[in-house]
Amino acid sequence: MSLLWPGSLFLLILIPLIVAVYVWLLRRRQRFTVRYSSLSLIREAASQQSWLRRHLPFILFLLALASLVFALGRPVAAVTIPSNRATIILAIDVSRSMCSNDIPPNRLEAAKDAAQSFIQNHQAGRQIGIVAFAGFAELIQPPTDDVQVLTSAIESLTTARRTAIGSAILRALDAIAEVDDRVAPSDLGSPSSTVQPAAPEEGFVPHIIVLLTDGASNAGPYPLAAAEQAVERGVRVYTIGFGTTNNNSVIDCGNQFQGEDPFGGGGFNQFGGGGGGFRRDIDEVTLKQIADLTGGTYYAATSAGELQNVLENLPSYLVTTRETIEISVFFVALGALIMILAMIISFLRHPLT
């Protein structure tokens, strides 16, 4: 705690002056009482009350005065308060393999249901953003706490060709950077070539990326290069491998590909992320490396129930900020309460009637 007007504390010198006046008045009254009253009556009255009871109202008055003097000094204190800016980016794979029906009705619909349940039950003070990725990644819903808007964004997801995990991480970083100036936007053109150790605990920001995929990256930037950029920005990436090893499942995306492919468009593929081949196996090795590198965790979900359980048990991080606030009002209130208490005690000892 500090004071904006520390010079006001010089007023505390009034307290010893008031004490001196109080003592002088007591002695003067005692001399007056001895002169005009019976000494035996004084001794009898003095024996009926203790020293503290006789002087308690005055002591409380001094405490109240001291509290008010501190209030004049305008005390301030640094406090930690929630800032309600925690952000979770759900990066959802919408590649064609998400149409597989090994998880009924298919992987994408099961993922939609789990995501919507997560949105409906998300904690107050957190924002959620949605990134969809196939051949490239796109932010389809900036971070918001509007449940209806998020639900509509999830419902609008459709599948496309290829899987660009690296692009999804970078686009999620950009979404976080738009709501928190402590996080720099991604640098797609200059990825690091050497994997760096994870940031220290105190270097993490409270925002996280939750990346859900059922395959392996075959387009866009190399996933670990993108993960390095998350490390540099202190953003944890939690990865989820969604799907089973059932090779007899059927992939049926309906008639989505009769028109323009919204996500297929060739991808970035600057860093050798693969060609246009189709792969249904989950690249758990890479997903685990991404999670370990960034300080997150890898989860495997082979059913809709497991996926929902993973989302419900994701760690949450409270965003707090330190602010300096003036607390003069507390000292004023304390002084007023003590003053009222002193008056009550005084009235009880010396009733007006």
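Colleague: What does Glu109 count as at 28% relative accessibility?
Modeller: This is a predicted model, so local features need pLDDT of at least 70 and side-chain atom pairs pLDDT 80 or more, while totals for chains, interfaces and linings use all residues. Residues are numbered from 1 along each chain as its sequence is written, and side-chain values use heavy atoms, without hydrogens or water. Buried means under 20% relative accessible area and exposed over 50%, with partly exposed in between (1.4 Å probe, protein chains only). At 28%, Glu109 therefore counts as partly exposed.

Colleague: Which side chain meets that of Glu109 in a salt bridge?
Modeller: A salt bridge is a side-chain nitrogen of Lys or Arg within 4 Å of a carboxyl oxygen of Asp or Glu. Here the N to O distance is 3.4 Å. Both residues lie in helix 4, 3 residues apart, about one turn of the helix. The partner of Glu109 is Lys112.

Colleague: Is Lys112 buried or exposed?
Modeller: Helices (H or I, at least four residues) and strands (E, at least two) are DSSP runs, numbered from the N terminus. Lys112 has a relative accessible area of 4%, so Lys112 is buried.

Colleague: Which residues do salt bridges that share partners join into one network?
Modeller: Start with a separate pair: Asp180 forms a salt bridge with Arg182, the closest N and O atoms being 2.8 Å apart. Salt bridges with shared partners make a network of Asp102, Arg107 and Asp214.

Colleague: How far apart in sequence are the parts tied together by Arg107 and Asp214?
Modeller: The closest N and O atoms of the Arg107–Asp214 salt bridge are 2.7 Å apart. Arg107 lies in helix 4 and Asp214 in the loop between strand 6 and helix 7 (223-232), so the parts tied together are apart in sequence by 107 residues.

Colleague: How many salt bridges does the count come to?
Modeller: Side chains of opposite charge can pair when their charged atoms come close. By the rule used here, the count of salt bridges is 6.

Colleague: How many residues of strand 3 are buried?
Modeller: Side chains in a regular strand alternate between the two faces of the sheet. Ala86, Ile88, Leu90 and Ile92 point one way from strand 3, and Thr87, Ile89, Ala91 and Asp93 the other. Strand 3 (residues 86-93) is largely enclosed by the rest of the structure, because the buried residues number 8 of the 8.

Colleague: Which residue in strand 4 is the bridge partner of Ile89?
Modeller: Two strands pair if DSSP finds at least two bridges between them. Strand 3 and strand 4 (residues 126-133) pair in the parallel sense over 8 bridges. The partner of Ile89 is Gly129.

Colleague: And which residue in strand 6 is the bridge partner of Ala91?
Modeller: Strand 6 (residues 208-213) runs parallel to strand 3, with 5 bridges joining them. The partner of Ala91 is Leu211.

Colleague: How far apart in space are Ala115 and Ile92?
Modeller: Ala115 sits in helix 4 (residues 107-120). At 2% relative accessibility, Ala115 counts as buried. Ala115 and Ile92 are 23 residues apart in sequence, and their C-alpha to C-alpha distance is 9.3 Å.

Colleague: How many aromatic pairs does the count come to?
Modeller: Rings of Phe, Tyr and Trp (its six-membered ring) pair if their centres lie within 6.5 Å; planes under 30 degrees apart count as stacked, over 60 as edge-to-face and the rest as tilted. By that rule, the number of aromatic pairs is 3.

Colleague: Is the pair of Phe70 and Phe331 stacked or edge-to-face?
Modeller: The ring centres of Phe70 and Phe331 are 5.9 Å apart and their planes at 25 degrees, so the pair is stacked. Phe70 lies in helix 3 and Phe331 in helix 10 (residues 328-349), so the pair ties together parts 261 residues apart in sequence. Phe331 is buried at 19%, whereas Phe70 is partly exposed at 27%. The type of this pair is stacked.

Colleague: How far from the ring centre of Phe204 is Arg236?
Modeller: A charge sits over a ring if NZ of Lys or CZ of Arg is within 6 Å of the ring centre and within 35 degrees of the ring normal. Arg74 lies over the face of Trp5 at 5.0 Å. Arg236 lies over the face of Phe204, at 4.0 Å.
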